[in-house]
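Reader: I have a chain open on my screen and would like to go through it with you. Can we start with the loops and then move on to the helices?

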Amino acid sequence: MERKSVLWSEKLMEQIKCAIYCRKSVEKGLDMEFNSLDAQREAGEAYVASQKSNGWICLPEHYDDGGFSGGNMNRPALKKLLADCEAGKVDVIVVYKIDRLSRSLCDFADLSRSFEKWNVAFVSVTQEINTNTSAGRMMLNILMTFAQFEREMISTRVKDKMAATRKKGKWVGGGIPLGYQLIDKKLYVNKETAPIVCRIFRRYIEIQSPKQIAKELNDDGVMFRRGYRWNTQQIYRILNNYTYAGMVFYEEHAYPGEQEPIIDRETWETTQRFLQANNPVKGASMRRSSDAALAGIIRCGHCNCAMTPASSSRWGRVYNYYHCAHDLRRDESTCPIKAIPAGEIEGVVCEKLIPVLQSPEIVAGIAQQTGMQPKDIVSFFDGNFWEELTPIEKKRLMQILVAQVTVNKDGAFIEVRTENIKSIQSIQEVDDEQDS
């Protein structure tokens, strides 16, 4: 920190070169005489001009990305800016808002490390953030957390719109199922490939062996898409695809689809009965990962492998849990963990995160940005906070704050994401000591 202060003191005696970065997610409106990129540039130039007494000058180079998302780093102007920073041509990066540079915590963490390495400061015009100060760096970490949360909520709204479309039986995109062709955004039966689908369903009812069906297709020279050979996984995907029965499957429910069915309902129901009877985990089905708050971040401490969301039904009631993937494979060594109730482990994680959300650093940052009283913020993140969130909001926030949950026979170890939220590092160290 002392070395950085000395370098900046030296730069104050000369000119400090400022680069203004601008971004707009969509191309709509960019052809206007004065568009959003121009407005961001103008605000950045005005801010640099206000720092003229400190030796700030605005570089003439325009770093503008129009029509590029902030969710990834694949942007031409950003790449040019980073190359100029590394070459020593830029001392300060000025943006209108921090989400113009990036909306991803992981990407921004990488950028922050690069900026520190190149001795490049970062300034947000509208949010009064300057990474030369410790308070500015803390506020940056807090705001980036909620910027990613906002981005993921936008993604959720898009998914909700697609869900409404599915419920109406409409095609929403993705890979076109074998046996169909896409015309004017609607699925129509392909008379050349539809017989292959009928053959697969018919043979499965006869022999109930996807492996044998794949072998017969390959032996007969019937190739999969783009000349690939058939395998067991491809057969299972076709047998479980509701599209062939003229339906659209979403959120554990099947809705009537607009497309014409390739197989009749009786064939479909017979096939599903055989598939359920041959399920290696009887009475259980794989739970959709979109419904599981800890999907992708919970692991078995005994087998060191992922724990998969699953569910089972008993007397009309659905029980959700996380099942060790190693135990599902039925290897010789049985996992002592096997499965844990989803509600119990998710409740433990929620309880663990409350002190993080109520930490003085987080509370002070939110109070400064929103004008709320600190005591009201602490009260907001009380025990009822998680109950008031929707399942999707709950999962999004957990995915942001939790790096990994490891379950063993003695309990669970929860690793909070501290690499991107530096202000809660000290709290995590205390938590780790208590866990041990």
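Reader: Where does N304 lie?

Author: This is a predicted model, to begin with. N304 sits in the loop that joins β12 (298–300) to β13 (305–314).

Reader: Is N304 buried or exposed?

Author: N304 counts as exposed, because its relative accessibility is 59% and the cut-off for exposed is over 50%.

Reader: And K185, which loop is that in?

Author: K185 belongs to the loop between β7 (180–183) and β8 (186–189). K185 is not a glycine, yet its phi is positive, at about 65 degrees.

Reader: Buried or exposed, for K185?

Author: Exposed: the relative accessibility of K185 is 72%.

Reader: Switching to helices. Which residues of α3 are buried?

Author: In α3, which spans residues 76–86, the buried ones are A77, L78, L81, L82, D84 and C85.

Reader: Why do they end up on the same side of α3?

Author: Because they cover an arc of only 160 degrees around the axis of α3.

Reader: What is on the other side of α3?

Author: P76 and E86 are there, and they are exposed.

Reader: Which residue with a positive phi follows α3?

Author: G88 does; its phi is near 85 degrees.

Reader: Next, α7 and α8. At what angle do their axes cross?

Author: Roughly 135 degrees, with the axes of α7 (residues 194–207) and α8 (residues 210–219) coming within 9 Å. That angle makes α7 oblique to α8.

Reader: Is the crossing of α7 and α8 left-handed or right-handed?

Author: The crossing is right-handed.

Reader: Which residues meet there, in α7 and in α8?

Author: From α7 there are R199, I200, R203, Y204 and I207, and they meet P210, Q212, I213, E216 and L217 from α8. By class, the contact of α7 with α8 has 6 nonpolar, 1 polar and 3 charged residues.

Reader: I also have K211 marked. Which helix is it in?

Author: K211 is in α8. With a relative accessibility of 65%, K211 counts as exposed.

Reader: How far apart are the C-alpha atoms of K211 and I235?

Author: They are separated by 8.1 Å, while the two residues are 24 apart along the chain.

Reader: Last, the overall counts. How many helices and strands are there in the protein chain?

Author: The protein chain has 17 helices and 17 strands.

Reader: What share of the residues counts as buried?

Author: Of the 436 residues in the protein chain, 43% are buried.

Reader: And what share of the contacts comes from residues 24 or more positions apart?

Author: Such residues account for 60%, taken over the contacts in the protein chain with a separation of 6 or more.

How values were computed
Residues numbered from 1 in each chain as written. Predicted model: local features only at pLDDT ≥ 70, side-chain atom pairs only at ≥ 80, totals over all residues. Heavy atoms only, no water. Buried < 20%, exposed > 50% of the residue type's maximum accessible area, 1.4 Å probe, protein only. Helix = DSSP H or I, 4+ residues; strand = E, 2+ residues; numbered from the N terminus. Arc of directions from axis to C-beta. Axes fitted to C-alpha atoms, helices over the stretch in contact; angles between N-to-C directions. Parallel < 35°, antiparallel > 145°, perpendicular 65-115°, else oblique. Left-handed = near helix turned anticlockwise from the far one by under 90°. Contact = heavy atoms within 4.5 Å. Nonpolar A, V, L, I, M, F, W, Y, C, P; charged D, E, K, R; others polar.
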